[in-house]
Amino acid sequence: MLSVILKNVKIQHTHGLFSEEELTGNEFEVNLVASYEPLKVPVLHLQETVDYTSLYTIVKDRMQKRTALLETIATEIVLDIMRKFNNVQQVNISIHKLNAPIPNFQGVVGVSFELNRNNL
């Protein structure tokens with residue numbers, strides 16, 4: 001299996017449940033792994049792989065739509081990737097909110113989701 005990876009992608013937006021999050025926004029970090037079986041090895045041409053710029057576009061476009069729950073964003077991104085790339089067998093995604101609006105909290109909150117095409 002071959003994996004195409006987006007790591008530590010930073011995106012600023014206003015996702016969240018609280019009204020102050022809509023006003024101030026937050027920084028999010030997205031990590032993504034899309035895995036597939038190449039038709040032949042070595043992979044020599046872009047059309048034989050999963051284009052990471054297309055993966056980034058899917059992530060960026062979805063992250064620009066204000067949403068209350070990170071779970072919604074993560075699951076929708078994975079489904080969008082599965083629809084666009086028929087050869088992708090598994091997608092793992094994590095989305096972290098880097099500055100959670102929790103009093104006296106130091107750390108990062110987030111969600112992760114993994115889907116195998118066989119489980120669709």
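Reply: Strand 1 and strand 2 (residues 26–36) make an antiparallel pair over 10 bridges. Strands are DSSP runs of E with at least two residues, helices runs of H or I with at least four, both numbered from the N terminus. Two strands pair if DSSP finds at least two bridges between them. This is a predicted model, where local features need pLDDT of at least 70 and side-chain atom pairs pLDDT 80 or more, while totals for chains, interfaces and linings use all residues. Residues are numbered from 1 along each chain as its sequence is written, and side-chain values use heavy atoms, without hydrogens and water.

Me: Which residue in strand 2 stands opposite Ile-11?

Reply: Phe-28 does.

Me: What is the strand order in the open sheet?

Reply: The order is 1-2-3-4, with antiparallel pairing. Strand 1 (2–13) and strand 4 (109–116) each have a single partner strand, so one side of each is left without a neighbour in the sheet.

Me: Which strands does helix 3 lie across?

Reply: Contact means heavy atoms within 4.5 Å. Helix 3 (residues 70–84) lies across strand 2, strand 3 and strand 4.

Me: Why look for a nonpolar core?

Reply: In soluble globular proteins, nonpolar side chains tend to be buried together. A core is a set of buried Ala, Val, Leu, Ile, Met, Phe, Trp, Tyr and Cys residues joined through side-chain atoms within 4.5 Å; buried means under 20% relative accessible area (1.4 Å probe, protein chains only). The largest one here has 28 residues, and Leu-55, Ile-81 and Ile-95 have the most contacts inside it. Helix 3 gives the most, with 7 residues.

Methods: Axes are lines fitted to C-alpha atoms, for helices over the stretch in contact, and angles run from 0 to 180 degrees between N-to-C directions. Buried means under 20% relative accessible area, exposed over 50%, partly exposed in between (1.4 Å probe, protein chains only).
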